[in-house]
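The following paragraphs walk through one structure. Please keep the sequence and the coordinates open while reading.

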Amino acid sequence: MASEPGKRDFFISFTMADVAHAEALDAALRAEGFTTYYHPKDVGPGGNIPIWMEEALMNSTQVLALFSPSYVKEAATYSKAEVYASWWDDSIGDKRRLIPVVIEKVKLSPLISMLSRIEVAGLLPGPAAARVIQLLRGPGEAEPRERLRDGSFLPPIFRAAYRPNPNFAGRFEALDRLQETLRTGTTAAVTAVAGMGGVGKTTLAAEYCHRFGGRYAGVWWVRSEQETTILIDLQSLGARLKLPGSGNVDGDAKSCLEYLANQADPWLIVYDNAPHPDAVHQWIPVGGVRSIITSRFADFGNIASVTRLDEWSERVTVDYLVARTGRRDEAGANILARTLGGLPLAAEQAAAFLVSRPNITFTKYADEISTLIKKPRPPGAVGSYPDTVYAAFARSLDALSRDKDNEISLSLLKCSSFPSPDGIEFKLFEDIADDLAPADFLTALRDPIASGDALSPLVSLSLVREETRSYGLALVFHRLLLEVMRDWMGNDARELWGGVAARLISRAFPFDADFPSEWLEAQRLMPHIHTLSEYVPSTPAIRRALARGLNQAGLFLAEQGDLEGSLVLAQRALEWTDVNSDKDKLVKAIRLSNIGRIYSDLGRFEEADREISSAFDIEETILDENDGSLAITISNLANVKTHLHKFGEAENLMLKASKTIKSVHGPKSFEYGIIVGNLMSFYQTWSEQPGESDKIKLSSKFAKLSMDILVENIGIRHPSTSNLYANQSILHSRLGKMSSAILLAEQALAIQLSLGLITHRHTQKLWAWLTHLLIQSGDTKRAKRLQEGDVGELTRAIAMVEQRQEEWVQARPGEREFGPPSAFSRRAS
């Protein structure tokens, strides 16, 4: 039987002309242990039948509709509403959501006649009820009922923002319009749900997913406020689908969309909270995929059909408040509804506050909200939200602040108001360092009982939603709540908790973000970096704290191939770097050098020369000439001079750097392996100049040494190793060793593919280089397959790369890591 609170087995739909049959059926069902919605028992005198009917239909597993001539009459308004609401939930009838029970001969409409039904016409109420029970107990009815109860009619891959909302109200017409738009589309039918903040766009989209998700092969929710989260969520869908490729988020996202576009059965993708059409346009799938976009932006042109959401009517708001709080004070609810102005978010927050406070009437609460609306916002308030939303949230926050027991709850909410609202890993708070936050906050969140106590009032007031994700508990917030919170807390608290959040995320961001073993963690934290940089107070201390995270995030994006995005973050990190001490100046030098490397990768060598030369000038005045950090900057400068064809200057710098790094780090160190690889590449480039062919011998000299050192230190499955194989392939080609040049190029490309860096610039260059080598060798068939994107023949090379990496890891278990998971492992084996 239905066990979920509020959930019942059957809704009995009938007209009063057939009440004898209905009452007999209700009694028989209850006697058999079923639970029912039956309005003569559930709705008292003066009760609101439409509100009861809406809630009952939402929370019933199946609907038993007692068909008779009276039931189908034009005047039978309620029975028609009940039947067609149930029919829309299961228009095909395969889920048995609606069960017609024919108690008297009647002509059924075409829509209803196609459904399987129970015939008891001619039987008295008692025997008719017994026959219905007998059939309901049969396997043909019991199995669909159980599947409806456990939700297994939803597709196997299903992700929506919220759980089914038992209090969903006021949007049934919009839900129908949404369904009709998506149902009639012959290609990718896209509907944008547009409206002001707090009007219920996300709630409507989530409700559509739960009500109509069973009609799709899969349903997936994509957080669309930032491109970073769009890519991450599409990549996550690709992983659920077990698609090849992981690691490079841009390439995986595109592969996922291409897969969906080629499926025979339609999928539903929801792009939630898109700031404008351009933010999602390139990520909308084609083919039979249906998409919903929610946005405050209303003009989607020819991208989407727009369903506008306006405020709730006063009647809907009143009915919602009465039903949600369980109160019968309609007069007071009318006053509060007028005060709230019809915004569902404000009504939901009001109801969540009042449901456990029976001593506060609707009227008293409305007076308090009116007072809060009239009060000026706190100093420094900049949030963009309706006054009623601010007032409703502020009333709940004020109530929390008056109880000292809620101090940690409020602190948690304040700290959470600066990172991304779409899921903050709770473990970040548990692992927070001692110097990052107030001691009482740290102590409470490290204690499971105290942290649970801190979350409890936030959950009960609908201020936070807890979700279990692959990495553990995540806290999810409404973005308007966090806007209100940032304003409500005031300037001093903004500086305190904005600083805590900035330091928390910056320190959590992996130091070696450019190493494959750290990519998954870096990817998870990227949305927080973007949001923090937008919302934290612009004080020197906070900027300094966040600059580290921005710098590391930039390194991560560069390794992923997003050089333009990397440059933006790196430049902002530099802008926010202090220069008050020699230590600060050295940090600035490192960040200048990072920007120079990005410019170099972009082919902007004059700018690279300028930035790295500035870094060198700073370090030269502070560091000893034999310092390892200075030597790395000198090496970076030498690489740029090479691209500018200043070979003599580059050689002097390169040899000086290699001597220092060998002395400081050792001849078998990772750092020395990198500089030796740079020497190989340098002499190879120099040898291509007229009259300098003898330099090829020096390049060959450093080739094997650099490979041995790097593979020992970082394994074969690393971008630096891939670069080395690529350079060796070019070297072998120059020496006329075509077979080994092809093998080395295959190895370099296999490493990139294993790491998931399919769309990386280096991967694309390798692809073109290997194709060129195959054509040069006369293997045009294989070259053509490679040009068409067929990597089938590389699976063996990928398998060998991954086998060697596993062996490298096993040589020192616990100290070494395989890196990001490979989607090619299963295929390669």
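Which backbone oxygen lies 3.0 Å from a polar atom of the side chain of Ser-460? The backbone oxygen of Pro-457 does. This is a predicted model, in which local features need pLDDT of at least 70 and side-chain atom pairs count only at pLDDT 80 or more, while totals for chains, interfaces and linings use all residues. Residues are numbered from 1 along each chain as its sequence is written, and side-chain values use heavy atoms, with hydrogens and water left out.

Ser-460 belongs to helix H21, which covers residues 448–460. Helices (H or I, at least four residues) and strands (E, at least two) are DSSP runs, numbered from the N terminus. In sequence, 107 residues separate Ser-460 from Phe-353, yet their C-alpha atoms are 8.4 Å apart in space.

Next comes a sheet. Three strands form an open sheet in the order S11-S13-S12, with antiparallel pairing. Strands S11 (424–425) and S12 (465–469) are at the edges with a single partner strand each, so one side of each has no neighbour in the sheet. Two strands count as paired if DSSP finds at least two bridges between them. S12 and S13 (residues 472–476) are joined by five bridges in the antiparallel sense, and Thr-468 is opposite Leu-473 in S13.

The cysteines remain. The structure contains zero disulfides, a disulfide being a pair of cysteine sulfur atoms within 2.5 Å. Cys-209 is buried, at a relative accessible area of 0%, and Cys-415 is also buried, at 1%. Buried means under 20% relative accessible area, exposed over 50%, and partly exposed in between (1.4 Å probe, protein chains only).

Methods. Polar contact = N/O pair within 3.5 Å; in protein donor to acceptor, adjacent residues only side chain to side chain.
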